Amino acid sequence: VCAPVVGYANQAELDCKLLLTFIDLLGGVVDGVRARFPGTFTDLIKGKGLGITVTGTGPSIPEILKQYNITYIPEFGPFDVTAKLVDPDGRLGLTDLDLKVGTEEMVNTRIMGTVENITAIKGMNLSFDIQGKDIANLKKITGKPMSFDGPFSVSGNAVTLSEKSYKISDFKAFIQESDVNGSLEINLEGKKPRITAELCSQKLDLRPLFPKKGSKPGEPEKDSDKLSTKKSRIFSDTPLPLEMLNQVNAEVELSAKQLLLTPLFLSETNVHMVLENGHLTVNPLKLGVNGGTLHGHFDLQVKGRVAQIATAHRLDQYKIGSMLKKLGISDSLHGSVDIKLDAQGRGNSVAELMSGLNGKTMVVMGEGGINQNAVELLGSDLSAVLLKLLNPLKKEQKYTKINCFAGGFDIKNGLAQSN
């Protein structure tokens with residue numbers, strides 16, 4: 001009910017039916033809101049034959065909904081809407097919906113389409129397009145800081161598959177230079193939400209999701225160059241968010257030309273992930289890293305506050321020199337290695353998982369080179385033996401050539417011992 005409301009209508013009677021052949025109502029519920037409802041009612045007595053076009057503008061949708069005790073809708077800004085109210089088969093529906101809401105400074109949203117039954121939210125078929133100059137501005141809407149910044153856009157087509165099941169097709173999302181495309185389904189009929197997605201990307205940069213060393217999520221970032229090297233760790237001891245794995249069930253297929261993580265740059269990534277009641281499996285897992293290719297699978301089971309993992313991987317033609325440079329051990333070793341790993345572990349952080357790792361690994365290296373200064377750091381006796389084996393002619397050169405290397409290691413409690 002709108003107030004104040006003014007309007008007029010033409011009334012007619014045909015075949016024992018009371019008709020309103022022309023309705024034109026104007027009204028509003030809050031300051032600045034203007035609404036108009038022109039249309040017809042072909043059977044006023046039975047309440048059927050509705051055909052009314054709705055047009056409206058105003059400064060705020062939440063302010064209108066507060067009149068009906070609906071308070072959970074966030075504020076996006078001014079709106080402009082047109083739609084047609086119809087009642088086929090006695091169901092109140094919307095056709096030709098075109099809703100625009102928001103501002104250029106914050107976020108602009110446009111929703112178009114139909115809803116066959118608006119009282120039960122059935123038969124929904126809506127396209128949406130959301131754009132903004134800086135995703136960090138959404139903090140004003142969500143009340144929480146965003147991990148990303150920069151321009152963004154999200155678009156797709158949403159349909160209802162059942163009363164509590166939805167599908168989004170033609171999904172496209174862009175944040176700065178990252179993109180994600182594909183489709184996803186959301187099913188709310190069970191005890192836990194279930195998400196099914198097929199996604200692809202040319203470039204997906206997830207580094208903003210990982211805090212810098214010495215920082216925690218939600219805290220200001222610290223400059224890693226100023227942190228003490230003595231306190232730095234290769235593996236993080238920050239507790240893993242294991243509780244998240246029990247909040248939803250999911251099946252996701254992802255392919256990405258470039259996947260940027262901290263500190264890895266991955267290429268040609270293809271993964272199939274299944275999450276069921278806290279049990280995560282990734283099989284197959286295929287990706288490119290530092291010129292090599294990794295194939296394998298990964299299994300993680302949440303047990304209380306601890307994760308139990310099992311993994312088997314084969315990494316071919318991995319450029320070990322690139323990895324050492326990223327770890328700050330530059331100019332020590334170069335060449336390509338093949339690595340085979342079969343391991344299990346338990347823990348609630350990456351550092352704890354690595355320190356409790358058990359399993360086997362095999363490393364095979366072809367032609368390469370090792371910096372003689374790095375060999376000498378191993379100790380006088382060991383370095384003398386290695387230098388004699390690697391460089392029997394004792395030539396003065398920066399690198400000693402490696403023709404081949406092969407080694408098998410047993411891993412127990414995070415320590416690898418040659419077998």
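User: Leaving aside its neighbours within four places in sequence, which residues is leucine 245 in contact with?

Analyst: Leucine 245 is in contact with Leu275, Asn277, Gly278, Leu300 and Val302, with neighbours within four places in sequence left aside. Contact means heavy atoms within 4.5 Å. This is a predicted model, in which local features need pLDDT of at least 70 and side-chain atom pairs count only at pLDDT 80 or more, while totals for chains, interfaces and linings use all residues. Residues are numbered from 1 along each chain as its sequence is written, and side-chain values use heavy atoms, with hydrogens and water left out.

User: How far apart are leucine 245 and glycine 278 in sequence and in space?

Analyst: They are 33 residues apart in sequence, while their C-alpha atoms are 4.8 Å apart in space. Leucine 245 is placed in the loop between β13 (194–205) and β14 (249–260).

User: Why does leucine 245 count as buried?

Analyst: Buried means under 20% relative accessible area, exposed means over 50%, and partly exposed is in between (1.4 Å probe, protein chains only). Leucine 245 has 18% relative accessibility, so it counts as buried. Buried residues make up 32% of the 419 residues in the protein.

User: What makes threonine 361 buried?

Analyst: Its relative accessibility is 14%, so threonine 361 falls in the buried class. This residue is found in strand β20 (residues 358–371). Helices (H or I, at least four residues) and strands (E, at least two) are DSSP runs, numbered from the N terminus. The protein has six helices and 23 strands.

User: How do you know that threonine 361 makes a polar contact with lysine 340?

Analyst: A polar contact is a pair of N or O atoms within 3.5 Å; within protein, one must be able to donate a hydrogen and the other to accept it, and residues adjacent in sequence count only if both atoms are side-chain atoms. A polar atom of the threonine 361 side chain lies 2.9 Å from the backbone oxygen of lysine 340, so the distance is within the cut-off. Apart from its neighbours within four places in sequence, threonine 361 is in contact with residues including Ile339, Lys340, Leu341 and Phe409.

User: How do you know that β11 and β12 pair?

Analyst: Two strands pair if DSSP finds at least two bridges between them. Strand β11 (residues 165–175) and strand β12 (residues 178–187) have nine bridges in the antiparallel sense, so they pair under that rule. The bridge partner of tyrosine 166 is isoleucine 186 in β12. In the hairpin of β11 and β12, with two residues between the strands, glutamine 176 takes a positive phi near 55 degrees.

User: Over how many bridges do β12 and β13 pair?

Analyst: They pair over seven bridges in the antiparallel sense. Asparagine 187 has arginine 194 in β13 as its bridge partner. The hairpin of β12 and β13 has six residues between the strands.

User: What makes arginine 110 and aspartate 98 a salt bridge?

Analyst: A salt bridge is a side-chain nitrogen of Lys or Arg within 4 Å of a carboxyl oxygen of Asp or Glu. The closest N and O atoms of arginine 110 and aspartate 98 are 2.7 Å apart, so the pair meets the definition. The pair links distant parts of the chain, with arginine 110 in strand β8 (residues 108–117) and aspartate 98 in strand β7 (residues 93–102), 12 residues apart. At 34% relative accessibility arginine 110 is partly exposed, whereas aspartate 98, at 15%, is buried. By this rule the count is seven salt bridges.

User: How far apart are the closest N and O atoms of lysine 133 and glutamate 104?

Analyst: They are 3.4 Å apart, and the two residues form a salt bridge. Lysine 133 lies in the loop between β9 (122–132) and α2 (139–142) and glutamate 104 in the loop between β7 and β8, so the pair ties together parts 29 residues apart in sequence. Lysine 133 has a relative accessible area of 52%, so this residue is exposed.

User: Why does methionine 354 count as partly exposed?

Analyst: Its relative accessibility is 32%, so methionine 354 belongs to the partly exposed class. Methionine 354 is placed in helix α4 (residues 350–355).
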